[in-house]
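Colleague: I am new to this one. Please walk me through the labels and what stands behind them.

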Amino acid sequence: MTAAAHLHDAQELYRHWEHEQWNTWSIHLAVDRDQWQSALSDEDNGLVYSALSSLMVAGEWITTKFAGLVMAAESEEEGSFSPTSRSTRPGTCSSTRGFQNEVIDAPATIAAHVARSREQLGESFAVIFDYALVAAHERLAASPADPLAKVDFVTIYHLVIERTLGLTAFEFITHYLTNNELLPGFVDGCSHIHHDEQRHIGYGVW
Ligand SMILES: [Fe+2]
C-alpha cells in the first residue's frame with residue numbers, strides 16, 4: 001500500500017521560507033581552508049571545482065530567467081512565494097563565492113568565476129540552460145496566463161534543473177565529502193542550499 005503524497009501549497013511553502021532563513025556568514029571555512037591547502041587529492045579538487053562551476057553558472061542563468069513565473073502567479077499566495085525562489089539565490093551565490101574567495105583564494109570577479117565555470121561545462125549543459133530554459137521563459141513571459149507555457153517552464157526549471165540535476169549533484173557531493181571528512185564548511189553551505197531547493201521543487205510539484 002502506498003501513502004498519498006502531501007503537496008505543500010504556495011501559502012505553506014511561503015511560511016516555511018519565513019522560518020528557514022539562513023546566514024551565509026555563519027558558515028565556518030577555516031577547516032576547509034587548511035584542507036584545501038594540504039589534504040585534498042587532485043581528484044577531490046576537481047570534484048569541488050566541477051560542483052562549484054555548475055552552481056555558479058546555474059545561479060547566474062536562473063537569476064535572469066525568473067520574471068515570467070512571477071508574472072504567471074494565479075493567487076496572492078503564489079505571488080508571495082514565487083519571488084522567494086529567486087531571493088534565496090543570492091545566498092547560494094554568496095556562499096559559493098565565499099568558498100571560492102576564502103578557501104580557494106584565487107582573486108577574481110564573479111564574471112571571471114562564471115567564465116571559468118562555463119569552460120568546465122559541456123554542450124549538454126548549454127542545451128538545457130541556453131536553449132530549453134531560455135525558450136520556455138520567453139514563451140511564459142509573453143503569455144503568463146497560458147497554463148501550458150507555465151507547465152513547460154516549471155517542468156524545466158523546478159523539475160529538470162533543480163530536482164533532477166541540482167538535487168542529484170548536492171546529494172552526491174555532500175555524501176562524498178561527508179564520508180571522507182572533507183570540507184565541512186562547504187558541506188554546511190551546500191546543505192543549506194539543498195534545503196532551500198527542496199522548497200522550490202515542492203512548489204514545482206504542487
Ligand atoms: Fe531554487
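Colleague: What makes L182 count as buried or exposed?

Modeller: A count of neighbours does. A residue is buried if 20 or more other C-beta atoms lie within 10 Å of its own, exposed if 12 or fewer, and partly exposed in between, with C-beta atoms placed from the backbone. L182 has 20 C-beta neighbours inside 10 Å, so L182 counts as buried. A word on the source: this is a predicted model, where local features need pLDDT of at least 70 and side-chain atom pairs count only at pLDDT 80 or more, while totals for chains, interfaces and linings use all residues. Residues are numbered from 1 along each chain as its sequence is written.

Colleague: Where does L182 lie, and what does L182 touch?

Modeller: L182 lies in the loop between α9 and α10 (184-205). Not counting residues up to four places away in sequence, L182 touches Q35, L40, D44 and L177. Touching has a cut-off: two residues are in contact if their C-beta atoms, placed from the backbone, lie within 7 Å. The C-alpha atoms of L182 and W36 are separated by 9.0 Å, although these residues are 146 apart along the chain.

Colleague: How do you know whether E181 is buried or exposed?

Modeller: By the neighbour count again. E181 has 11 C-beta neighbours inside 10 Å, so E181 counts as exposed. E181 is in the loop between α9 and α10. Its phi is near 50°, a positive value in a residue other than glycine.

Colleague: And what makes L183 buried?

Modeller: L183 has 26 other C-beta atoms within 10 Å, so L183 is buried. L183 is found in the loop between α9 and α10. Phi of L183 is near 45°, also positive in a residue other than glycine.

Colleague: Why does D32 count as buried?

Modeller: D32 has 25 C-beta neighbours inside 10 Å, which is why D32 counts as buried. Its place is in helix α2 (residues 30-38). Leaving aside neighbours within four places in sequence, D32 is in contact with V103, L183, P184, G185 and F186. D32 and V187 are 155 residues apart in sequence, yet 9.7 Å apart in space, C-alpha to C-alpha.

Colleague: How many helices and strands are there in the chain?

Modeller: The chain has 10 helices and zero strands. Helices (H or I, at least four residues) and strands (E, at least two) are DSSP runs, numbered from the N terminus.

Colleague: How do you know how the size of the chain compares with a compact globule?

Modeller: The radius of gyration is taken over C-alpha atoms, and the globule rule is 2.2 Å times the number of residues to the power 0.38. With 206 residues, a compact globule would have a radius of gyration near 17 Å; the chain has 18 Å, so the two agree. Along the principal axes, the C-alpha atoms fill a box of roughly 55 × 35 × 35 Å. Buried residues make up 33% of the 206 residues. Among contacts between residues at least 6 apart in sequence, 81% join residues at least 24 apart.

Colleague: What describes two packed helices?

Modeller: The angle between their axes and the distance between the axes. Axes are lines fitted to C-alpha atoms, for helices over the stretch in contact, and angles run from 0 to 180 degrees between N-to-C directions.

Colleague: Why is α3 called roughly antiparallel to α9?

Modeller: The axes of helix α3 (residues 42-63) and helix α9 (residues 147-179) come within 11 Å and cross at roughly 155°. That makes α3 roughly antiparallel to α9. Angles under 35 degrees count as roughly parallel, over 145 as roughly antiparallel, 65 to 115 as roughly perpendicular and the rest as oblique.

Colleague: Which residues meet there?

Modeller: L47, A51, S54 and A58 in α3 meet I161, A169 and I173 in α9. These divide into six nonpolar, one polar and no charged. Ala, Val, Leu, Ile, Met, Phe, Trp, Tyr, Cys and Pro count as nonpolar, Asp, Glu, Lys and Arg as charged, and the others, Gly among them, as polar.

Colleague: Why are α1 and α10 called roughly antiparallel?

Modeller: The axes of helix α1 (residues 10-19) and α10 come within 10 Å and cross at roughly 175°. The two helices α1 and α10 are therefore roughly antiparallel to each other. A10, L13, H16 and W17 in α1 meet R199, G202 and Y203 in α10. By class, this contact has four nonpolar, two polar and one charged residues.
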